[in-house]
Amino acid sequence: MPIDPIPPVADAPLWLEDLEPGRVFRFGDYAVTRAEVIEFATGFDPQPFHIDDAAAAAHPLFGRICASGMHTMAMSHLLQMRGFQQVGIHPLAGVGMDEMRLHAPVYPGDTLRIAVELTDVRPSRSKPDRGLVSYLTTVSNQDDLAVMTYRSSLFLARRPTG
């Protein structure tokens, strides 16, 4: 799977203090290819409807080869990390993910984009150099149909003092 290089970095980092709940970042586009869907599924989720045309055509929900949910997550995470770098968000570490939902299949030929809505931004009580950012990610296709949603949290540095 060839991966495009990460886009240029923002001129200045965004610190915890620069973010507020309700802010939405939009990142994309990721073109989903048949070869990548089959390659990912063969290695990590070898269910017939991800790798075999006849099995996918006979499947009552999909009708054709579709991407694994974990592949969709991986593609959206790549969009998120590239996008964060573009705008100057440099996570210290991920804290966790919750409530991942698959709303619609992702097919070869789809183009994915994401919206990241900040839901909570707060300083750490025990570590004054960092804080916690929580957000809702919505993954959509080229028709603006939501195909996946999930909630995440990450540690982000606070603006240095002095």
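A contact means that heavy atoms lie within 4.5 Å. Of the contacts in this protein with a separation of 6 or more, 71% are between residues 24 or more positions apart. Please keep in mind that this is a predicted model, in which local features need pLDDT of at least 70, side-chain atom pairs count only at pLDDT 80 or more, and totals for chains, interfaces and linings use all residues. Residues are numbered from 1 along each chain as its sequence is written, and side-chain values use heavy atoms, with hydrogens and water left out.

**The overall picture**

- The protein has four helices and five strands; helices (H or I, at least four residues) and strands (E, at least two) are DSSP runs, numbered from the N terminus.
- Along the sequence, these elements follow the pattern β-α-α-α-α-β-β-β-β.
- Taken along the principal axes, the C-alpha atoms fill a box of roughly 65 × 30 × 30 Å.
- Of the 162 residues, 37% count as buried; buried means under 20% relative accessible area, exposed means over 50%, and partly exposed is in between (1.4 Å probe, protein chains only).
- The protein exposes about 8,900 Å², and carbon and sulfur atoms supply 55% of that area; accessible areas come from the Shrake-Rupley method with a 1.4 Å probe, and for residues only the protein chains shown count as cover.

- P46 sits in the loop between α1 and α2.
- With a relative accessible area of 55%, P46 is exposed.
- Leaving aside residues up to four places away in sequence, P46 touches A41 and I51.
- From C-alpha to C-alpha, P46 and G109 are 20 Å apart in space, while in sequence they are 63 residues apart.

**Aromatic rings**

- How many aromatic pairs does the structure hold? There are five; rings of Phe, Tyr and Trp (its six-membered ring) pair if their centres lie within 6.5 Å, and planes under 30 degrees apart count as stacked, over 60 as edge-to-face and the rest as tilted.
- F25 and F27 form a stacked pair, at 6.1 Å centre to centre with 15° between the planes.
- F27 and F84 have ring centres 6.0 Å apart and planes at 85°, so this pair is edge-to-face.
- That pair links distant parts of the chain, since F27 lies in strand β1 and F84 in helix α4, 57 residues apart.
- F27 counts as buried at 7% relative accessibility, and F84 counts as buried at 2%.
- Ring pairs link F25, F27, F84 and Y135 into a cluster.

- L92, V95 and F155 make a nonpolar surface patch of about 250 Å².
- Patches are made of residues with over 30% relative accessible area and no salt bridge, with like charges joined within 9 Å and nonpolar side chains (Val, Leu, Ile, Met, Phe, Trp, Tyr) within 5 Å; a salt bridge is a side-chain nitrogen of Lys or Arg within 4 Å of a carboxyl oxygen of Asp or Glu.
- V95 belongs to strand β2 (residues 93-102), and at 45% relative accessibility V95 counts as partly exposed.
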